[in-house]
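Student: I would like to work through this model one question at a time. Please show it first.

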Amino acid sequence: VPATSTSLKTNGVFELVRHPIYTGLLLLCFGLGVVTNSAGRLILTAALLYVLEEKATKEEAGLAARFPEYAAYKERVPGKFLPPLTPLQDLLRQDGRD
């Protein structure tokens, strides 16, 4: 539960994803699993993804209760851990047409 003196942060990296620290942790663990060619580490990364998904869902319920504007923010930034790929796909399509 956020502290009462806290404000909702929606700028910077929070304009791309709602949980950027979790994103960094997952990318680090995934990359380590790939670089070390470790199936065990990749499985643990998948387990971590599940745990962080559950944790983030509970955190978001608390944020929605504390900040009425969180619902609009959640609609504006749909990516919990990764930004939507649509802008990248649109950019790739434009490059192919030129």
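The questions below go from the overall fold to one helix and then to the charged pairs.

Tutor: This is a predicted model in which local features need pLDDT of at least 70 and side-chain atom pairs count only at pLDDT 80 or more, while totals for chains, interfaces and linings use all residues. Residues are numbered from 1 along each chain as its sequence is written, and side-chain values use heavy atoms, with hydrogens and water left out.

Student: What pattern does the protein follow along the sequence?

Tutor: Helices (H or I, at least four residues) and strands (E, at least two) are DSSP runs, numbered from the N terminus. The protein has 4 helices and 0 strands. Read along the sequence, the pattern is α-α-α-α.

Student: What percentage of the residues of the protein count as buried?

Tutor: Buried means under 20% relative accessible area, exposed over 50%, and partly exposed in between (1.4 Å probe, protein chains only). The protein has 98 residues, and the buried share is 22%.

Student: How far apart are the end C-alpha atoms of helix H1?

Tutor: Helix H1 covers residues 20–35, which is 16 residues. The expected span of a helix is 1.5 Å times one less than its number of residues. For H1 that gives 22 Å, and the distance in the model agrees: 22 Å.

Student: Which helix do the buried residues of H1 pack against?

Tutor: The buried residues of H1 are Pro-20, Tyr-22, Thr-23, Leu-26 and Gly-33. Seen down the axis, they fall within an arc of 150 degrees, so they line one face of H1; the arc is that of the directions from the helix axis to the C-beta atoms. The face turned away from this buried side carries the exposed residues Ile-21, Leu-28 and Val-35. Contact means heavy atoms within 4.5 Å, and the packing partner of the buried residues is helix H2 (39–66).

Student: Which residue with a positive phi follows H1?

Tutor: After the end of H1 comes a residue whose phi is near 55 degrees. That residue is Asn-37.

Student: Is Lys-80 buried or exposed?

Tutor: Lys-80 is found in the loop between helix H3 (70–76) and helix H4 (86–97). Not counting residues up to four places away in sequence, Lys-80 touches Val-17, Arg-18, His-19, Glu-53, Ala-56, Thr-57 and Glu-60. Its relative accessibility is 15%, so Lys-80 counts as buried.

Student: Which residue forms a salt bridge with Lys-80?

Tutor: A salt bridge is a side-chain nitrogen of Lys or Arg within 4 Å of a carboxyl oxygen of Asp or Glu. The closest N and O atoms of the Lys-80 pair are 2.8 Å apart, and its partner is Glu-53. Lys-80 lies in the loop between H3 and H4 and the partner in helix H2, so the pair ties together parts that are 27 residues apart in sequence.

Student: Which residues do salt bridges that share partners join into one network?

Tutor: Glu-60 forms a salt bridge with Arg-18, the closest N and O atoms being 2.7 Å apart. Lys-74 forms a salt bridge with Glu-60, with the closest N and O atoms 3.6 Å apart. Glu-60 is buried at a relative accessible area of 4%, whereas Lys-74 is partly exposed at 38%. The network consists of Arg-18, Glu-60 and Lys-74.
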